[in-house]
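Me: I would like to go through this model and ask, for each label, what it rests on. Please set the values against the definitions.

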Amino acid sequence: MTVHFSVLIVVVPLLSSFLVFAFGLFQRRVCFPATVAALAACLVFSAGSFRTVLTTGRPVHYHLGGWAPPWGIEYVVDYLNGLVLTAIAIVSLLAAIYARTLVAREIPAAKHPPFYALFLLQVTGLFGMTVTGDMFNLYVLLEIASFSAYALIGMGEGAAPFAAFRYMIFGTLGACSYLLGVGYLYISTGSLNMADLRQILVPIYFSQALMVGLAFLLLGIAVKMAFFPVHLWLPDSYTLAPSCVSVLLAPLFTKVGAYVMIRVLFTVFDPSFSITLLPVTTVIGWVAVAGILFSSIMALAQGDLKRMLCYLIVTEGGYIGVGIGAGNRPGLTGSIFHLLNDMFMMGLLFMAVGAIQAHFRTRTISGLTGLHRSMPVTAAALVVGGLSVIGVPPLCGFFSKWYLILGAIEARQWFFAGALLLGSLLNAVLFFRIFERCYFEAPHDPAHRKREAGVKADRMAMGELIPMALMAVLVILLGLFSGYIVQHAIAHAIPPGV
Amino acid sequence: MMEFIFGTFNYGIYVVLILIGFYGMMAKNNLMKKLIGMNIFQWSIILFYISIGSKKGGTVPVVDPSLHPAIRAVDYINPLPHVLMLTAIVVGVATTGIALALLILIYRTYGTLEEDEILEVLKK
Amino acid sequence: MTHSPLPLIAVLFPLLGAVLVLATGARRANLRELCTMLASAGQFAAVLSMLPRVIRGQTLTCTMLPLGPGLALELRVDPFGMIFALLSSFLWIVVSVYSIGYMRSLQEHAQTRFYFCFAMALAGASGVALSGNLITLYMFYEILTVATFPLVAHKETPEAIRAARKYLVYLLGGAVVVLFAIAATYCLTGSLDFVAGGFVGGSGSADLLRVIFAAFIIGFGTKAAIMPLHEWLPSAMVAPTPVSALLHAVAVVKAGVFCCLRVILYVYGPGTLADLALWTTLAGVVSCTVIVANLFALTQDNLKRRLAFSTINNLAVIILGASLLTHESVRGALLHLPFHGFMKITLFMCAGSIFVVAKKELVSELDGIGRRMPVTMAAFTVGAAGLVGIPPVCGFLSKWYLCLGALEAGEILFLSVFLASALLDAAYFFPIVFSAFFKPEQENPGAGVKEAPVAVAAPLAVTALLCLSLFMYPDGMFRFYTLGDLAVKSLFGGR
Amino acid sequence: MTKDLDNVVIKTVSRILVPFMQVFSLYVFAHGHGSPGGGFQGGCIMAASFILLGVAFNLREIGKRFRERNNALMCVLGVFIYTGTGCLAFLSSGNFLDYGTLSDLLPIDSIKARYYGMALIELGVQITVMAVMLSIFVDLVTAGRGEDAPEDTE
């Protein structure tokens with residue numbers, strides 16, 4: 001049965017999302033356990049397929065419908081997407097368990113079945129985008145993930161539908177330009193399978209149709225990845241989305257976009273092309289440098305905690321861009337490892353912010369006084385997440401930043417290294433402003449007395465505390481075992497020829 | 001020069017349609033017009049894909065024994081873009097479905113579909 | 001190169017202490033204080049147990065986490081690291097006794113957080129002392145910075161929070177520059193392990209090596225408070241006295257100097273520095289710091305700020321000693337590190353006890369305090385005399401070797417810098433001692449002896465006596481002299 | 001009422017047209033292999049017949065024939081059929097959707113198995129598309145209130 005794991009990863013969440021919707025019509029309480037069961041199954045599938053890749057050392061190829069690659073759709077699980085699959089499975093499972101009390105609080109009861117159906121559909125799209133080896137199939141799953149994201153964001157109240165609509169306009173623009181890119185690729189080569197494309201593309205690298213195709217492809221992926229110039233949709237949509245939705249979307253959606261960029265630049269196109277022949281990666285690197293500086297400063301300027309984290313996502317995308325820009329082994333190791341770490345770090349931070357918004361009834365940074373007294377675990381989670389994003393050693397953020405800086409220096413790109421360092425400094429100022437507000441409040445500060453006497457954050461449900469604590473432990477473990485992960489998984493994940 | 005124009009006028013048309021759709025999406029104030037612009041944008045890409053598959057003298061890609069006992073590819077136009085575009089049509093319908101649902105929600109909360117009026121309400 | 005878990009135990013004790021402090025919490029204060037004491041005693045015992053083997057020449061290593069090719073979180077105990085580890089672990093015992101007395105007598109708030117961060121800071125300091133390569137050093141360096149941030153902002157007044165913010169920006173800025181330097185070294189040499197006499201020689205172009213060295217010195221220099229980057233130290237005096245004692249004598253600034261010396265001696269090494277002619281510029285910058293810090297100290301009226309500038313001066317003296325790259329000057333620097341720690345902590349504890357008893361902070365208010373607090377002011381005199389370099393106190397020994405080293409290097413200019421620093425020390429310490437003993441008191445003259453509580457007075461008496469005993473038997477309990485000798489031999493290849 | 005009069009023409013024509021549309025949609029679905037057609041187009045035509053009914057008469061007509069809950073279940077049923085046939089291939093150790101390998105389970109050769117597999121898939125697609133198109137139409141017209149929409153919506 002294990003040979004079918006790589007397709008079950010997409011089929012099981014797809015089927016269970018519709019089954020959850022059907023059962024939800026009769027019995028609303030069954031939705032949550034069914035979702036968690038489906039996500040647990042996906043975790044088993046992704047971990048199983050990744051383990052087979054690790055043990056056999058060769059990627060797993062799965063021909064859908066028995067058709068051989070150039071004709072049929074092929075699902076490939078290799079070192080790179082095995083890692084990403086397992087990370088998505090873990091983060092989405094924890095997000096589902098965490099979001100339970102928030103769903104009960106934020107989503108009207110009649111909409112629970114559709115919410116969980118869309119939740120699973122979103123996870124299907126993410127899994128599919130990671131595991132597929134076919135360019136057009138990737139577009140279809142990209143759209144599945146995007147629809148469910150639009151609908152999930154639209155479920156919020158107030159300005160959420162409006163933000164969802166603007167996000168849809170931007171997202172469709174991105175997806176259509178990806179489709180156009182695939183069209184041009186198809187004209188030039190006649191094939192859609194990634195491995196097949198790599199061989200066919202080599203002799204025709206400098207044909208104009210291919211250049212235009214690559215440009216459209218990268219534009220589409222940049223929109224999905226919220227890369228700097230085209231990231232405008234992210235802050236509004238993720239801030240206005242209900243926090244049970246942003247806990248799933250924020251860590252995963254943009255990171256899978258980053259994974260697709262690495263896949264396109266280094267597996268579909270030969271690394272020698274995208275690094276030396278046509279300086280694609282250097283351009284990406286320079287844009288990422290601008291992105292890091294811009295979004296770090298924007299994050300500093302925000303008063304709203306959640307909007308600040310959204311700009312942080314754009315910064316993290318910038319770090320991955322710089323890793324790709326360096327275009328050498330340590331740089332790429334850094335960006336792949338940062339992609340992995342960022343899923344857990346952002347998951348942890350958005351869980352903490354969701355809990356603060358739900359129980360402490362505030363989202364502005366100035367309203368956080370006395371947080372450590374009424375919500376100690378959330379404050380600790382915020383500290384662990386913040387320190388990891390800054391890059392304080394034993395946590396995972398440091399090691400990925402270490403490889404990024406190594407890559408930038410080895411590529412003699414001093415501005416890249418400078419941007420990375422300045423970025424982590426700006427993040428430090430950003431987060432310590434929050435820690436100050438959470439932990440130190442002057443004893444004679446009037447707000448302190450009101451906070452003490454007035455609102456007492458109600459007890460956080462265990463269902464929220466455990467996933468947050470687990471995520472914090474994962475962030476620490478990722479840091480401690482970074483050497484192991486890099487040597488055994490990421491070292492092989494880097495496509496040959498970098 | 002002439003055969004260049006006739007040879008690639010389909011690309012010309014699809015580029016014009018894309019620009020119209022793009023203009024509609026970006027410049028129009030009314031959200032419904034933005035949606036229409038988005039649809040034009042999507043459908044122009046579908047036109048682009050279909051025009052890729054066409055061959056001179058090829059017929060509809062349905063097996064017709066009267067043409068030639070064996071199936072020769074030259075007789076039929078390339079069916080793959082058509083299949084791909086089936087999916088893209090479904091995607092277009094789904095996007096429009098969700099967009100209309102969101103527009104209903106927006107209209108219900110703000111009473112208008114003009115973007116500047118909504119932004120005014122949001123600013124307050 | 002023997003593998004043993006002892007260094008890991010030495011680093012884990014403070015972490016264990018921190019967790020226990022957090023667990024016991026505010027309700028059971030006595031139990032919490034007991035945990036701190038046990039942790040500090042345990043750490044000192046672990047470090048002491050490693051001493052005989054290090055004396056016999058074994059270097060104990062313990063690999064915590066492999067991180068990749070030529071990269072691992074690894075602890076290695078060598079004579080130089082042993083000196084700093086002994087200093088910080090012993091002084092932690094002294095300071096924790098002192099802070100229990102201090103915090104109790106002033107009924108400070110949030111004491112659990114205080115002791116938790118104190119223990120974490122000590123974990124960082126001992127980690128820095130025992131780390132075997134640059135990346136482990138960087139990890140504990142960051143932990144030290146983050147752990148001491150809440151300590152500096154302990155009073156939570158807007159002024160304290162501003163000082164903590166400045167503290168953080170300086171130190172994290174320095175850490176970021178150091179990260180660049182470490183990554184560049186790893187790029188050039190492929191390994192980060194410390195090698196006595198340096199491992200970077202000739203691995204890259206000369207000016208790239210110079211840039212990396214400048215980055216190292218700027219990064220670690222912020223924590224060692226070298227002059228242009230020293231702003232955070234005087235403004236961090238707003239913290240309670242045990243914290244400033246920790247900051248100055250025990251952990252933070254000492255770690256900065258320790259890292260600078262690690263880079264100068266164990267990453268670049270005397271040979272490479274001489275070839276790159278870097279040591280002259282370094283010596284120049286540092287001697288300016290010495291002179292300017294002393295001049296600033298003369299003008300400060302606040303006692304703790306004056307002591308802060310005296311620390312900046314002494315740290316610069318240590319780095320100057322190391323940068324002269326001669327036998328005796330390096331030995332003098334290695335000895336001045338612990339001796340200055342003992343002397344400076346005595347002075348700080350005296351300042352604290354004066355604040356606890358007489359609520360006085362300014363030097364101008366200290367007239368006739370000697371008669372009212374004889375023990376405290378006697379200890380203060382011993383510490384001050386040591387810093388100036390007057391024989392009966394251990395300060396004389398290290399200043400002696402430093403001057404010998406300057407002569408050995410044939411640099412009369414730097415010899416005069418050492419002497420000028422001693423002279424200026426005298427210029428701003430002896431007025432305090434003189435006014436304390438020989439001037440009449442302003443308010444209620446003739447009031448009887450009003451000494452600080454025992455928990456506050458005892459530690460500073462102990463350290464004062466230690467300063468004296470270290471002069472008589474420099475190789476006594478801590479065997480600093482032999483450790484210094486071993487380190488110098490390994491550095492200069494037994495010449 | 002004049003409004004009712006000219007409605008008669010539409011009503012009678014649609015009453016005649018609807019059954020033929022549904023038969024034609026089944027024809028299109030059945031001949032998906034050899035001629036242009038298949039599940040998607042058949043489903044659309046079937047949904048169009050119901051929508052014509054709703055437009056010509058009023059939404060009650062659709063509601064009478066197709067409860068909203070049933071409509072949702074039809075969606076799920078369609079997807080279940082599609083993925084179910086795909087998973088059937090697992091039994092005979094074929095890959096997902098490789099219903100050609102069903103021949104060693106069933107007494108038919110692989111070409112026939114592929115034919116019937118394709119037919120099952122098309123059936124699933126037909127049902128889902130019909131149900132989804134209908135539910136989009138009903139939700140949009142009643143602005144999301146579904147069946148309990150007030151009487152005024154024609």
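**Labels and their grounds**

Me: What is the secondary structure of chain A, and what makes the chain as compact as a globular protein of that length?

Reply: Chain A has 21 helices and two strands, where helices (H or I, at least four residues) and strands (E, at least two) are DSSP runs numbered from the N terminus. The radius of gyration of chain A is 22 Å, close to the 23 Å of the globule rule for 498 residues, so chain A is as compact as a globular protein of that length. The radius is taken over C-alpha atoms, and the rule is 2.2 Å times the number of residues to the power 0.38. Along the principal axes, the C-alpha trace of chain A spans about 75 × 60 × 45 Å.

Me: What kind of model is this, and how are residues and chains labelled?

Reply: The model is predicted, so local features need pLDDT of at least 70 and side-chain atom pairs count only at pLDDT 80 or more, while totals for chains, interfaces and linings use all residues. Residues are numbered from 1 along each chain as its sequence is written, and chains are lettered from A and ligands numbered from 1 in the order in which they are written.

Me: Why is Glu156(C) called buried?

Reply: A residue is buried if 20 or more other C-beta atoms, placed from the backbone, lie within 10 Å of its own, exposed if 12 or fewer, and partly exposed in between. Glu156(C) has 21 C-beta neighbours inside 10 Å and therefore counts as buried. Glu156(C) lies in the loop between helix H5 (134-152) and H6 of chain C, and its phi is near 60°, a positive value in a residue other than glycine.

Me: Is Ala277(C) buried or exposed, and how do you know?

Reply: Ala277(C) has 10 other C-beta atoms within 10 Å, so it is exposed. Its place is in the loop between helix H10 (252-276) and helix H11 (278-299) of chain C. Phi of Ala277(C) is also positive, near 55°. Most residues other than glycine have a negative phi.

Me: What share of chain A and of chain D is buried?

Reply: Buried residues make up 66% of the 498 residues in chain A and 36% of the 154 residues in chain D. Chain D has five helices and zero strands.

Me: Why are H3(C) and H13(C) called roughly parallel?

Reply: Helix H3 (residues 79-106) and helix H13 (residues 327-358) of chain C pack at an angle of about 5°, with their axes 10 Å apart. Angles under 35 degrees count as roughly parallel, over 145 as roughly antiparallel, 65 to 115 as roughly perpendicular and the rest as oblique. H3(C) is therefore roughly parallel to H13(C). The axes are lines fitted to C-alpha atoms, for helices over the stretch in contact, and angles run from 0 to 180 degrees between N-to-C directions. The residues of this contact divide into 15 nonpolar, three polar and no charged. Ala, Val, Leu, Ile, Met, Phe, Trp, Tyr, Cys and Pro count as nonpolar, Asp, Glu, Lys and Arg as charged, and the others, Gly among them, as polar.

Me: What makes H3(A) and H4(A) roughly antiparallel?

Reply: Helix H3 (residues 79-106) and helix H4 (residues 112-131) of chain A pack at about 170°, with their axes 10 Å apart. H3(A) and H4(A) are therefore roughly antiparallel to each other. Their contact divides into 11 nonpolar, four polar and no charged residues.

Me: How do you know which chains touch, and which pair shares the most contacts?

Reply: Two residues are in contact if their C-beta atoms, placed from the backbone, lie within 7 Å. Of the four pairs of chains in contact, chains A and C share the most contacts, with 27 residues from chain A and 26 residues from chain C. H18(A) gives the most to the chain A side, nine residues. Chains B and C do not touch, and their nearest C-alpha atoms are 33 Å apart. Chains C and D do not touch either, with nearest C-alpha atoms 39 Å apart.

Me: What makes a set of residues a nonpolar core, and how many residues has the largest?

Reply: A nonpolar core is a set of buried Ala, Val, Leu, Ile, Met, Phe, Trp, Tyr and Cys residues joined through C-beta atoms within 7 Å. The largest has 476 residues, and those with the most contacts inside it include Ile405(A) and Ala183(C). Helix H6 (residues 158-189) of chain C gives the largest share of this core, 20 residues. Beyond its neighbours within four places in sequence, Ile405(A) is in contact with Ala417(A), Leu420(A), Leu179(C), Phe180(C) and Ala183(C).
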